[in-house]
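Thanks, everyone. Let me put the structure up, and then we'll go through the backbone and the ligand site.

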Amino acid sequence: MSSYDYDLGILGGGAAGLTVASGAAQLGAKTLLVESEEKLGGDCLHFGCVPSKTLIRTAQVYHTLLKAESFGLPSVEMPPVDFQKVRARIASVISTIQKNDSEERFCDLGARVVFGSPSFSDEHSIRLNGETVSAKNWVIATGSSPGIPPINGLDKTPYLTNREIFSLDRLPESMAILGAGPIAIEMAQAFSRLGTKVFVVQRSGQILSKEDKDLADEVMATLSHEGVTFHLNTEIVAVKDSGNFREVRFKNEAGENNALKVEQILVAMGRSPNLRGLGLKEIGIASNRKGISVDDRLRATHKHMYAAGDVTGAFQFTHAAGYEGGIVVSNAIFHLPRKTDYTFMPWCTYTDPELAGIGMNEKRAREAGMKYSVITEAFKENDRSLAEGEKRGKIKMILDKDEKPLGVQILGPQAGELLNEWVAVLNGKVRLSTLASAVHPYPTLGEINKRVAGSYLSPKIFSDKVKKGLKFFFHLKGRACGESANGRELQK
Ligand SMILES: Cc1cc2nc3c(=O)[nH]c(=O)nc-3n(C[C@H](O)[C@H](O)[C@H](O)COP(=O)(O)OP(=O)(O)OC[C@H]3O[C@@H](n4cnc5c(N)ncnc54)[C@H](O)[C@@H]3O)c2cc1C
């Protein structure tokens, strides 16, 4: 019999921790879940996915109303946005979802939830609210926080991060966004659509730097067209609080100095793992700048301790945190050795149009030194897309040298939803010919998936070789266009 208080202790009640808690408790493990904030749910619910997608939708509706004329409707005069009402809508969506992540729900499942700030006293025990609590296995799922770079003057200048941006009292007139990753770019478009003058300041020459440049550039062109100003290839020299406004000074590639005067600064320059105060170093758990070091079964330095979610620094998505939570349950509770496999981990940036991907893009295939080919299909060829008023974007299918799909990228309306078919195709190893011959409802955006698979197959099906064979066996007579109705050649 074990002398530990719990079979499993989990630090962090976000996507990863809640997945582990729910699985472990329902499987009969005596489970403790420790959360340092006042509520469960983590960054995704309170300061991440949920508020950002709610804000994006509000901004999209406002933007659509403003361009009513392009849908053949009378033009609409819209009053300025009252951000307190937007904020209230965000809070209401969060509180509705919060019920799924309540303490009561997890108690019903069988887990004990305790709020407080834990610290490891040895590799099986934590100090929590003045008590020592032990567990046979531990899971560290404490997530990540906005990374704050050492920019000159930032410590003396008020700035926003994802923790404050969704609960502002008023819509800023202007905002400089430092960084150009998914969070920065989603917020740039949403705030610009609501009426803020947005500037994006980015060190490298491409926004969304993990994406293929052609797709990222198309997102940037859309945002520029909507009024966002981009300063790429810059080095931020300093920021300054000047009372009524904040100043961001930066240098461009040519070394020329430039400055922006804005009402607000949003720092969105990457994430840092939440490790502070946990006492991990003292008990010998290895970590680096990105997060806790884990093996492919998500075990940390001590094999009875696991880490999952953003705190490992791997794939910082809610669905990745949930996936990793499931791997931990397999390993720690079922004792079924299960390894992580990120080959087909999907992602989506929720700009309009959305940019979603799964597997390898061209950039990653090139970095891996692979030979690949690309097949594309444009949304302007998709009937539903045109009916929706959308001509932007395309789907890219990346094939390896044996013409097996390595990955798919979609830039277009509802790209995240469209990607789900590829999640099934790639994970289920479905043949492209099966996808191309499967009937999709007309007119849907999803037909683009079928068409890109068909585009790959059509040169093979309609090749000269096939035509010659059919002519030989079945005496087909060939092209009809260019002949008179009775089949004779037209006189020139
Ligand atoms: C603005 C924004 C938008 C995003 N949009 C998306 C999106 O659209 N789709 C997507 O997939 N991902 C999105 N993400 C990323 C997503 O939020 C994270 O990947 C996800 O929350 C990670 O889950 P987690 O469980 O690892 O961490 P979290 O959800 O952050 O949970 C960690 C929990 O641990 C708690 N904690 C921290 N320190 C301690 C401690 N010492 N002791 C106990 N508890 C502690 C925290 O309070 C928190 O509740 C977004 C992130 C941001 C910031």
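Let's start with a location: in which loop does Pro 443 lie? Look between helix H12, residues 432-437, and helix H13, residues 447-461. One thing before I go on: this is a predicted model.

Why stop at that proline? Tyr 442 and Pro 443 are joined by a cis peptide bond, with omega about -10°.

As a reminder, most peptide bonds are trans, and most residues other than glycine have a negative phi. That brings me to phi.

Take Glu 403. Its phi is positive, about 65°, and the residue is not a glycine. Find Glu 403 in the loop between strand E20 (394-400) and strand E21 (405-412).

Now Gln 414. Here too phi is positive, about 55°, and again this is not a glycine. Gln 414 lies in the loop between E21 and helix H11, residues 415-427. Its relative accessibility is 47%, so Gln 414 counts as partly exposed.

On to the ligand. How many residues surround it? The count is 34, and the closest are Ala 16, Glu 35, Lys 53, Asp 310 and Thr 318.

Where does that shell come from? Several elements each supply at least two residues: helix H1 (15-26), strand E2 (31-35), helix H2 (42-47), helix H3 (49-66) and helix H8 (318-334). The largest share comes from H2, with four residues. By class, the shell has 13 nonpolar, 15 polar and six charged residues.

Now the polar atoms. A polar side-chain atom of Glu 35 is 2.6 Å from a ligand oxygen. A polar backbone atom of Cys 44 lies 3.4 Å from an oxygen atom of the ligand. For Thr 142, a backbone N or O atom is 3.5 Å from a ligand oxygen.

And how much of the ligand does the protein cover? On its own, the ligand has 990 Å² of accessible area, and the protein covers 91% of that.

Terms used. Residues are numbered from 1 along each chain as its sequence is written. This is a predicted model: local features need pLDDT of at least 70, side-chain atom pairs count only at pLDDT 80 or more; totals for chains, interfaces and linings use all residues. Side-chain values use heavy atoms; hydrogens and water are left out. A residue is near a molecule or strand if one of its heavy atoms lies within 4 Å of it. A polar contact is a pair of N or O atoms within 3.5 Å; within protein, one must be able to donate a hydrogen and the other to accept it, and residues adjacent in sequence count only if both atoms are side-chain atoms. Accessible areas come from the Shrake-Rupley method with a 1.4 Å probe; for residues, only the protein chains shown count as cover. Ala, Val, Leu, Ile, Met, Phe, Trp, Tyr, Cys and Pro count as nonpolar, Asp, Glu, Lys and Arg as charged, and the others, Gly among them, as polar. Buried means under 20% relative accessible area, exposed over 50%, partly exposed in between (1.4 Å probe, protein chains only).
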